[in-house]
Amino acid sequence: MPLKIGEILLKAQLITQEQLDKALEEQKQSGGRVGEHLLRMGYVSEEDILDCFSQQFGVPSINLASFDIDEAVIRLIPADVARKYQFIPVSKSGATLTVAMADPTNVFAMDDITFITGYRVEPVVASETALREAIDKYYGTTHAIELKKVMDDLSTVDEASLEVLEEEEELDVADLESSAEEAPVVRLVNLILTDALKRGASDIHIEPYEKSFRVRFRIDGVLYEIMNPPLKLKDAISSRIKILAKLDIAEKRLPQDGRIKIKMKYQGKPKELDYRVSTLPTLHGEKIVLRLLDKDNLMLDMTKLGFEKPSLKNFEEAIFSPYGMVLVTGPTGSGKTNTLYSAMSRINTPETNIMTAEDPVEFQLPGINQVQMKENIGLNFAAALRSFLRQDPNIVLVGEIRDFETAEIAIKAALTGHLVLSTLHTNDAPSTINRLMNMGIEPFLVATSVNLIVAQRLIRRVCQKCKEPEDAPIQALLNVGFSESEAPNIQLYKGRGCDVCNQRGYKGRVGLYEVLKVTEDIREMILSGASAVELRNRAIEEGMITLRQSGLQKIRDGVTTIEEVVRETVI
């Protein structure tokens with residue numbers, strides 16, 4: 001009689017009796033297999049389980065990742081059956097079909113395979129993760145199956161109506177409109193838009209090249225290639241998106257900006273989606289980027305953004321000041337808008353008049369007067385800001401300080417009894433001071449108007465579902481910035497990869513914050529022309545938590561990994 005898997009792992013000294021008891025207790029409460037609980041608790045690896053299954057059931061194990069399966073063998077088993085029982089046919093020899101499965105004792109699966117194929121089944125053991133990946137690879141993901149149906153339909157589209165026009169040829173708008181309205185093209189664009197939501201993407205990139213055409217999604221700050229539609233469809237797809245965004249489909253030589261609003265059912269509930277659309281003429285056609293603005297993902301609770309307690313205290317004090325300027329800096333996509341919207345939500349009361357000048361207005365906030373910039377008619381940040389000052393505001397938000405004129409008016413507003421919030425593009429908080437002076441603002445104006453500067457980045461969170469401890473060399477911890485006394489006591493975590501995080505090990509993002517409070521000493525240094533390095537050193541002496549230190553705290557808390565912190569910060 002074969003030993004139980006727990007006994008085999010115990011005998012092999014891969015787990016302790018205490019760990020086995022904990023897993024058995026968990027099994028009593030929630031069911032399932034002991035092996036699954038040991039794996040989830042991080043006591044064993046999938047390889048350990050695989051070896052033990054092989055020993056327990058007396059069948060060989062297989063590494064599916066390094067095994068190439070013949071398509072003729074795959075066709076013997078329907079995709080729905082393979083998914084139902086989580087197995088995959090591996091090879092065929094005479095009247096015997098070798099099948100990889102996680103549980104070779106599943107007699108129902110064996111019977112079904114024999115009934116469907118007429119072959120005698122010989123099982124081999126594979127890990128559940130490897131099986132899922134193999135089924136997706138050979139049978140396609142649910143998304144891939146849907147895409148295949150669309151692609152099959154596209155093969156029937158008349159190619160003549162999708163002919164790529166040379167730039168000097170006259171564009172036939174009627175042809176563009178008709179090709180954009182072809183049912184398969186409409187379905188493909190709808191699939192791209194809705195799949196972005198299902199995958200948790202923030203941006204969609206649709207990119208034509210000389211011999212290829214690709215769609216990429218930015219998920220948790222990283223771009224992933226999702227599909228490669230036929231090259232002949234590039235004009236039809238771009239036209240369809242431009243029609244939805246109410247853009248000029250005949251204009252292919254100039255960049256255009258627009259918006260798409262759609263309604264869909266998601267997880268059984270009606271949902272409104274808002275996409276910001278940007279088109280750009282490239283060498284081989286128009287590149288289109290759509291930013292998904294999902295209200296449900298807007299985090300307005302400042303305590304959950306990722307601020308360390310001292311940084312949050314300084315930030316809250318600054319936004320509750322009656323006047324002065326608060327600046328948020330960082331690259332595109334670092335979460336500046338979210339931080340500012342959170343701040344406005346915090347200070348939005350019936351007693352305050354809040355006015356914002358934004359380009360574009362990403363989310364509509366109740367109780368706040370938001371103005372969309374329109375450069376083509378002269379409504380820019382500077383013009384809007386001048387008008388705001390005649391509207392009796394308490395708090396003014398300027399989407400971005402891009403030039404001297406906007407900076408000058410914003411600073412004058414901050415010096416005349418208004419709280420001004422805005423953003424800049426700089427690498428860290430101290431260099432923002434020098435950036436304003438480089439724009440032409442006098443040092444005494446900067447020193448007296450700016451109350452606080454926040455620099456921020458977004459890094460990926462370790463997936464909470466498949467989070468497990470990870471060992472790392474002490475030198476790696478020292479290199480990233482931990483002290484020699486602290487490094488040996490740091491416990492690192494990583495995501496193993498699961499269905500929740502699409503096997504990536506990361507799910508969601510958290511902010512790193514560097515908050516520079518402009519104290520009297522720092523004001524004196526600004527007036528005396530101190531460099532960004534000198535300002536930085538002084539701010540650290542006064543207790544400023546740098547971006548790297550904020551990242552180290554997230555590592556201590558088990559929120560993220562060393563790789564993520566190194567990717568976004570410097571010592």
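Trainee: How many helices and strands does the secondary structure of the protein chain come to?
Mentor: The secondary structure comes to 23 helices and 18 strands, and please keep in mind throughout that this is a predicted model. The C-alpha atoms fill a box of roughly 85 × 70 × 40 Å along the principal axes, and of the 571 residues in the protein chain, 47% count as buried.

Trainee: Since it's predicted, what pLDDT does the protein chain average?
Mentor: The average is 84, with 91% of the residues scoring at least 70. Confidence is highest in strand 10, residues 324–329, at a mean of 96, and lowest in helix 9, residues 142–154, where the mean is 55. Over residues 156–171 the pLDDT is below 50, although in the model this stretch has 20 contacts beyond near neighbours in sequence. Where pLDDT is low, the predicted coordinates should not be read in detail.

Trainee: Which way do strand 11 and strand 12 pair, parallel or antiparallel?
Mentor: They pair in the parallel sense, over four bridges, with strand 11 covering residues 354–358. Within that pairing, Glu 358 stands opposite Gln 372 of strand 12.

Trainee: And what joins strand 11 to strand 13?
Mentor: Four bridges join them, and the two strands run parallel; Thr 356 has Leu 397 in strand 13 as its bridge partner. Strand 13 also pairs with strand 14, again in the parallel sense and over four bridges, and there Val 398 has Ser 422 of strand 14 as its bridge partner.

Trainee: Which way do the residues of strand 13 point?
Mentor: Ile 395 and Leu 397 point one way, Val 396 and Val 398 point the other way, and all of them are buried. In a regular strand the side chains alternate between the two faces of the sheet.

Trainee: Let me zoom in on Thr 423. Why does it count as buried?
Mentor: Thr 423, which is found in strand 14, counts as buried because its relative accessibility is 6%, and the cut-off for buried is under 20%. A polar atom of the Thr 423 side chain lies 2.6 Å from the backbone oxygen of Gly 399. Not counting residues up to four places away in sequence, Thr 423 touches several residues, including Val 328, Lys 336, Leu 340 and Ile 401.

Trainee: Changing topic: which residues have the most contacts inside the largest nonpolar core?
Mentor: Those are Met 325 and Ile 526, in a core of 56 residues. The largest share of this core, six residues, comes from helix 16. Leaving aside neighbours within four places in sequence, Met 325 is in contact with a set of residues that includes Ile 401, Ala 410, Ile 411, Ala 414 and Val 420. A second, separate core has 31 residues, among them Leu 193, Ala 196, Ala 201 and Ile 204.

Trainee: What is Ile 433 in contact with?
Mentor: Leaving aside neighbours within four places in sequence, Ile 433 is in contact with Val 446, Ile 453, Ile 526 and Leu 535. Ile 433 lies in helix 17, residues 430–438, and counts as buried at 1% relative accessibility.

Trainee: Last one: how many of the eleven residues of helix 12 are buried?
Mentor: Nine of the eleven are buried, so helix 12, residues 234–244, is largely enclosed by the rest of the structure. The buried residues include Lys 234, Asp 235, Arg 240 and Lys 242, and the helix is followed by Lys 246, whose phi is positive, near 60°.

Note on methods:
Residues numbered from 1 in each chain as written. Predicted model: local features only at pLDDT ≥ 70, side-chain atom pairs only at ≥ 80, totals over all residues. Heavy atoms only, no water. pLDDT = per-residue confidence, 0-100. Contact = heavy atoms within 4.5 Å. Pairing = 2+ DSSP bridges. Buried < 20%, exposed > 50% of the residue type's maximum accessible area, 1.4 Å probe, protein only. Polar contact = N/O pair within 3.5 Å; in protein donor to acceptor, adjacent residues only side chain to side chain. Core = buried A, V, L, I, M, F, W, Y, C linked by side-chain atoms within 4.5 Å.
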